[in-house]
Amino acid sequence: MTQTLCDTVELTIPCRPEYVGVARLAVLGIASRMPFSYDEVEDVRLAVGEACTHAVERAGSTVAQIKIVSTIDSVALVIEVSDDVPADAEPVIPDEDAQALAAAGVDQQGLGALLMEILVDEVKITSTASGTSVRLTKFAPE
Amino acid sequence: MNLTINSRTPNETTRILEIEGEIDVYTSPQLKQEIVKLAEGGVKHLIINLSKVEYLDSTGLGVLIGGLKRLREAEGNLVLVGPALRILRIFEITGLDKIFDIYATEEDAAAKEGVTL
């Protein structure tokens, strides 16, 4: 019987801009446990940063939290970034910014989603009335 | 986790902003405020030196795009200088390297933009 080692690291942060860097730092350490290249570790860090940013931008001034659960095994690193911001919360990017970006043909939240899609192997976003979960998977190199 | 912005004024309508640190959801409002202030003060050419930027996310990209649009409307430009390969890659994978003028050095940027340093 083959034993599969599976380590889990959990981190909960306030859903506010100043804490996103804390999540990135933690993820840097966690991703370094995997046989990833320097670039791959950086990719995971940015993807998690984007997932947290997505939560923060919807949270506004609420007392929401972000829970980051990282699961490491020999096959992949799976990081689930969950918030308790109601799914119907509107993004709090100031109007003038959203307009300027739209006029330039850019949707900032779309950029964040695009980055996540490119940087990791799988992205699964689940929204419910009680919150949103972004599940990021990066497979170990063969 | 901090952002430092050093501003230099080679001439009246040009500013060089040397940015150091991480541009993310926490620090990008600071950069945005600086760009808006300069644009409203009549600056037309903004040379943003990214060589000491270690991290850039979608909010930072959003701020740079907003600034680019603002300055191009004023018939100026916002150009980027010296991003590390890691940062340059973010522009490439989002296709934004085709929107921004990105130069290796401040001198290159000034020469190509017709600005005297």
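## Basis of the model

Helices (H or I, at least four residues) and strands (E, at least two) are taken here as DSSP runs, numbered from the N terminus, and in that scheme B:Gly67 is found in helix α2 of chain B. This is a predicted model, in which local features need pLDDT of at least 70 and side-chain atom pairs count only at pLDDT 80 or more, whereas totals for chains, interfaces and linings use all residues. Residues are numbered from 1 along each chain as its sequence is written, while chains are lettered from A and ligands numbered from 1 in the order in which they are written.

Chain A comprises four helices and five strands, and its order along the sequence is β-α-α-β-β-α-α-β-β. Of its 142 residues, 37% count as buried, where a residue is buried if 20 or more other C-beta atoms lie within 10 Å of its own, exposed if 12 or fewer, and partly exposed in between, with C-beta atoms placed from the backbone. Among contacts in chain A between residues at least 6 apart in sequence, 69% join residues at least 24 apart; two residues are in contact if their C-beta atoms, placed from the backbone, lie within 7 Å.

The axes of α1(A) and α2(A) come within 9 Å and cross at roughly 150°, the axes being lines fitted to C-alpha atoms, for helices over the stretch in contact, and the angles running from 0 to 180 degrees between N-to-C directions. The two helices α1(A) and α2(A) are therefore roughly antiparallel to each other, given that angles under 35 degrees count as roughly parallel, over 145 as roughly antiparallel, 65 to 115 as roughly perpendicular and the rest as oblique. The crossing of α1(A) with α2(A) is right-handed, a crossing being left-handed if the near helix is turned anticlockwise from the far one by less than a right angle, and right-handed if clockwise. Residues of α1(A) including A:Val20, A:Arg24 and A:Leu28 meet residues of α2(A) including A:Val44, A:Val48 and A:Cys52. By class, this contact of α1(A) with α2(A) has eleven nonpolar, two polar and two charged residues, where Ala, Val, Leu, Ile, Met, Phe, Trp, Tyr, Cys and Pro count as nonpolar, Asp, Glu, Lys and Arg as charged, and the others, Gly among them, as polar.

## Contact between the chains

The contact takes 22 residues from chain A and 16 residues from chain B. On the side of chain A that touches chain B, α1 (17–31), α2 (38–59), α3 (95–103) and α4 each supply at least two residues, and by class this side has 13 nonpolar, five polar and four charged residues.

Within the pairing of the chains, helix α4 (residues 108–119) of chain A packs with helix α2 (residues 58–73) of chain B at an angle of about 135°, with their axes 9 Å apart. The helices α4(A) and α2(B) are therefore oblique to each other, and their crossing is right-handed. The residues that make this contact are A:Gln108, A:Leu111, A:Gly112 and A:Leu115 of α4(A) together with B:Ser58, B:Thr59, B:Leu61 and B:Gly62 of α2(B); by class they comprise three nonpolar, five polar and no charged residues.

## Helix α2 of chain B

Helix α2(B) has 16 residues and reaches 22 Å from its first C-alpha to its last, close to the 22 Å expected at 1.5 Å a residue, the expected span being 1.5 Å times one less than the number of residues. It is mostly covered, with twelve of its 16 residues buried, among them B:Leu61, B:Val63, B:Leu64 and B:Leu68. B:Gly67 counts as buried, with 22 C-beta neighbours inside 10 Å, and, leaving aside its neighbours within four places in sequence, B:Gly67 is in contact with B:Ile35, B:Leu46 and B:Leu78.

The axes of helix α1 (residues 28–40) of chain B and α2(B) come within 9 Å and cross at roughly 5°, and α1(B) and α2(B) are therefore roughly parallel to each other. Their contact involves residues of α1(B) including B:Leu31 and B:Ile35, and residues of α2(B) including B:Val63 and B:Gly67; its residues divide into five nonpolar, five polar and two charged.

B:Glu75 is placed in the loop between α2 and β4 (77–81) of chain B, and it has a positive phi of about 60° although it is not a glycine. B:Glu75 is exposed, with 7 other C-beta atoms within 10 Å, and its C-alpha atom is separated by 13 Å from that of B:Glu40, 35 residues apart along the chain.
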